[in-house]
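Student: Please show me how to read the features of a protein model, step by step.

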Amino acid sequence: MAEFYTMNIAGLERQLPICPLNEKVSIAGFIIFGDVELTVKASEELLKKLPEFDYIVTPEAKSIPLAYEMSRQSGKKYFVARKRAKLYMQSPVEVNVRSITTDTVQTLILDGADGEQIRGKRVVVVDDVISTGESLRAMEELMSKFDVEIVAKAAVLAEGDAADRDDIVFLEKLPLIFK
């Protein structure tokens with residue numbers, strides 16, 4: 001029988017599956033895919049907490065629905081830092097990252113044409129969960145290549161020590177579960 005962690009996110013109760021990270025620590029798995037109600041409410045609540053911005057940028061893949069909905073509600077365009085270069089990309093720019101939920105080094109790539117569109121603009125970097133901050137650091141590095149002003153780094157949840165950071169915007173703290 002699966003174990004769950006119950007939490008309230010943007011006024012909605014959700015059961016998150018408990019996933020072992022190693023023999024000492026588990027995490028509550030937050031998957032926003034398919035949860036339209038939560039995506040809409042979380043986007044609404046995050047937008048209330050953000051300063052003025054021109055664009056939204058997000059890493060592929062779990063936070064794409066959130067970026068889309070925040071874009072829809074705010075009327076501001078969003079861009080996705082992809083995991084692989086695509087044929088349509090013009091002069092792709094890339095950085096590497098290793099996050100807590102991935103066992104290999106990942107690459108984040110932004111189409112050079114998209115980068116030129118955001119150059120010098122006010123950008124919000126959006127993710128579903130901020131944990132170790134590695135994905136966020138990679139996004140900051142990628143954004144620095146286009147001289148953007150990151151006006152906010154936002155996520156639905158801040159996991160573990162990330163909730164103590166004062167440089168991120170989030171809705172709820174997601175605790176680590178120690179055995």
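Student: Where is the place of Asp-147?

Tutor: Asp-147 sits in the loop between helix H4 (134-144) and strand E9, where helices (H or I, at least four residues) and strands (E, at least two) are DSSP runs that are numbered from the N terminus. Please keep in mind that this is a predicted model, in which local features need pLDDT of at least 70 and side-chain atom pairs count only at pLDDT 80 or more, whereas totals for chains, interfaces and linings use all residues. Residues are numbered from 1 along each chain as its sequence is written, and side-chain values use heavy atoms, with hydrogens and water left out.

Student: Is Asp-147 buried or exposed?

Tutor: A residue is called buried under 20% relative accessible area, exposed over 50% and partly exposed in between (1.4 Å probe, protein chains only). With a relative accessibility of 53%, Asp-147 counts as exposed.

Student: What is the phi of Asp-147?

Tutor: The general idea is that most residues other than glycine have a negative phi, and that most peptide bonds are trans. Asp-147 is not a glycine, and yet its phi is positive, at about 50°. Ala-10, which is not a glycine either, has a positive phi of about 55°, and this residue is found in the loop between strand E1 (4-9) and strand E2 (12-20). Ala-10 is buried, its relative accessible area being 12%. A positive phi, near 80°, is also found at Gly-75, the residue that follows H2.

Student: Which peptide bond is cis?

Tutor: The bond from Glu-60 to Ala-61 is cis, with omega near 20°, and Ala-61 belongs to the loop between E4 and H2.

Student: How many aromatic pairs does the structure hold?

Tutor: In general, a pair of aromatic rings is described by the distance of the centres and the angle of the planes. Rings of Phe, Tyr and Trp (its six-membered ring) pair if their centres lie within 6.5 Å, and planes under 30 degrees apart count as stacked, over 60 as edge-to-face and the rest as tilted. This structure holds two such pairs. In one of them, Tyr-55 and Phe-79 are edge-to-face, with 5.4 Å from centre to centre and 70° between the planes. Tyr-55 lies in strand E4 (residues 55-59) and Phe-79 in strand E5 (residues 78-81), so this pair ties together parts that are 24 residues apart in sequence. Both Tyr-55 and Phe-79 are buried.

Tyr-68 and Tyr-78 also form an edge-to-face pair, with 6.3 Å between the centres and 85° between the planes. That pair links distant parts of the chain, since Tyr-68 is in helix H2 (residues 64-74) and Tyr-78 in strand E5, 10 residues apart. Tyr-68 is partly exposed, with a relative accessible area of 43%, and Tyr-78, at 25% relative accessibility, counts as partly exposed as well.

Student: How do H1 and H2 pack, and at what angle?

Tutor: Two packed helices are described by the angle between their axes and the distance between the axes. The axes are lines fitted to C-alpha atoms, for helices over the stretch in contact, and angles run from 0 to 180 degrees between N-to-C directions. Helix H1 (residues 36-49) and H2 pack at about 60°, with their axes 9 Å apart. That makes H1 oblique to H2, because angles under 35 degrees count as roughly parallel, over 145 as roughly antiparallel, 65 to 115 as roughly perpendicular and the rest as oblique.

Student: Which residues in H2 are buried?

Tutor: Leu-66, Ala-67, Glu-69, Met-70 and Ser-71 are buried in H2, and what covers the buried residues of this helix includes H1, E4, E5, E8 and strand E9 (149-159).

Student: What is Asp-128 in contact with?

Tutor: Contact means heavy atoms within 4.5 Å. If we leave aside its neighbours within four places in sequence, Asp-128 is in contact with Phe-30, Lys-62, Ser-63, Ala-155, Val-156 and Leu-157. Asp-128 has its place in strand E8 (residues 122-130), and this residue is buried, with a relative accessible area of 4%.
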